[in-house]
Amino acid sequence: MGPDGPRSALRSPLLTTPIKPRTPSGVMELLPRDQIAFQRMLDTIRGTFEQFGFLPVETPVMELSEVLLTKSGGDTERQVYFVQSTGALDKADDAGRPELALRFDLTVPLARYVAEHEHDLVFPFRRYQMQRVYRGERAQSGRYREFYQCDIDVIGKDTLSTRFDAEIPAVIAAVFDRLAIGDFTIHFNHRKLLRGYFEGLGIEGERQAVVLRELDKLDKRGPDAVRATLAGESFGFAQDIVDRLMAFSQVRSTSHADALAKLDAFPAGSALFEEGRTELRAVLAQLQALGVAESRYALNLSIARGLDYYTGIVYETTLDAHPQIGSICSGGRYDNLASHYTKSKLPGVGISIGLTRLFYQLQKAGLVSTADSTVDVLVALMDDAQLADALALSQRLRAVGLNVETQMEPRKLARQLQYADRTGIRFVAIRGEDEIARNVVAVKDMRRNEQFELAEADLPARLQESVR
């Protein structure tokens, strides 16, 4: 940048006291080896999504405010970050807000994306998206203002078979199995089952949504608190209605057969209730056909998902040994993703992993450790005269697919080994005068604390085999 740009400002003689370097609150910034661990989780998730036939999509970090905030006001608008560039300070939308805002999730941008590109997409549209989102929440432990979400969705045109409802948890089961972070359970319920049950109790219209949101707080507030709220002035339900709501919402299955049995145990209900029951039975049958271990999923009739746009199956995933972490992955079925942007009906089903928060919680629980370096080999340098040989050796190792760092200035061997150890590099290739004279390379395996020698010609293949 030019002499009047930011670099010049940083060197200004007026700044006699250095500014304390610090990150803003509510962001996660990692040291390199922790970043590698985080990146490997991203890679595992991405690979699993692609294995199930999902295609990548990225949307801009900024959206037009009028597009992003289709429902103005409320908590969403209070949490959004608006954007004002120096060239457009006077630009605003019809509501007087800045023209641009940072996305607060990946669902609204997906809705806009599908509506805008509807005629160029092939349906059902299977998309995954792994990007940062931004929320102006109060920063606290484990909650972030900038964080990664990893989403998958299947979007249909006019209709979307409920058969996709079982594929989504199958993908999630594969993701968490491969992440190897411990036993987990995908809890699921069905909005039609819930609403149909409410109808049978005489709970209609908008009151259903309020009751849904209250029952969704069971795990956080506990049954006694929820029971007291339902019986209190704000709801005023009779005791028998409260008892039936609580009994229904506390139904949990312990196995595949138990889930079917618990569904069968309910008496005949409204048409909506029976539709939900039939769809849940179909999901259970498909999960079995997909080979998902029955220990990985459970019927849980307290799962409601507070968002109003869910209309069918809903999911939440928890770690069995760490329930205090809460849901690590959630989502569900919706009837019309993009109703604010198009007259076309675009139903879908999807799920989201909040990876930044999950990574923090896993680190805190000791389930994710610092990773080794992405560098496989450090080629040591004992003397300036050997630099050309060290560079040539590094290139031969790279030619077989190894990641190699070359020590560019000679240092004591002990310091080079210490450097490799601290940065997580497993192998150090050493060619001192003695090794050169014998045409061998000494290799220090930092992970096993072992040292061995190889003929230089054999080194690339041997190390390549060792790092597979």
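**A tour of selected residues**

Start by selecting Arg 438, which is found in helix H17, residues 433-438. The model you are viewing is a predicted one. The relative accessible area of Arg 438 is 39%, so this residue counts as partly exposed.

Go back to the end of H17 and select Asn 439, in the loop between H17 and strand E15 (440-445). Asn 439 is not a glycine, yet its phi is positive, about 55 degrees. With 48% relative accessibility, Asn 439 is partly exposed.

Next, select Ala 180, in the loop between helix H6 (164-179) and strand E7 (184-190). Ala 180 also has a positive phi, near 50 degrees. Most residues other than glycine have a negative phi. Ala 180 is exposed, at 59% relative accessible area.

Move to Pro 124, in the loop between helix H5 (107-116) and strand E5 (125-134). Look at the peptide bond from Phe 123 to Pro 124: this bond is cis, with omega near 0 degrees. Most peptide bonds are trans.

Select Cys 150, which is buried at 0% relative accessibility. Cys 329 is in no disulfide either, and it is buried at 1% relative accessibility. The disulfide count for the model is 0.

Terms used
Residues numbered from 1 in each chain as written. Predicted model: local features only at pLDDT ≥ 70, side-chain atom pairs only at ≥ 80, totals over all residues. Heavy atoms only, no water. Disulfide = S-S within 2.5 Å. Buried < 20%, exposed > 50% of the residue type's maximum accessible area, 1.4 Å probe, protein only. Helix = DSSP H or I, 4+ residues; strand = E, 2+ residues; numbered from the N terminus.
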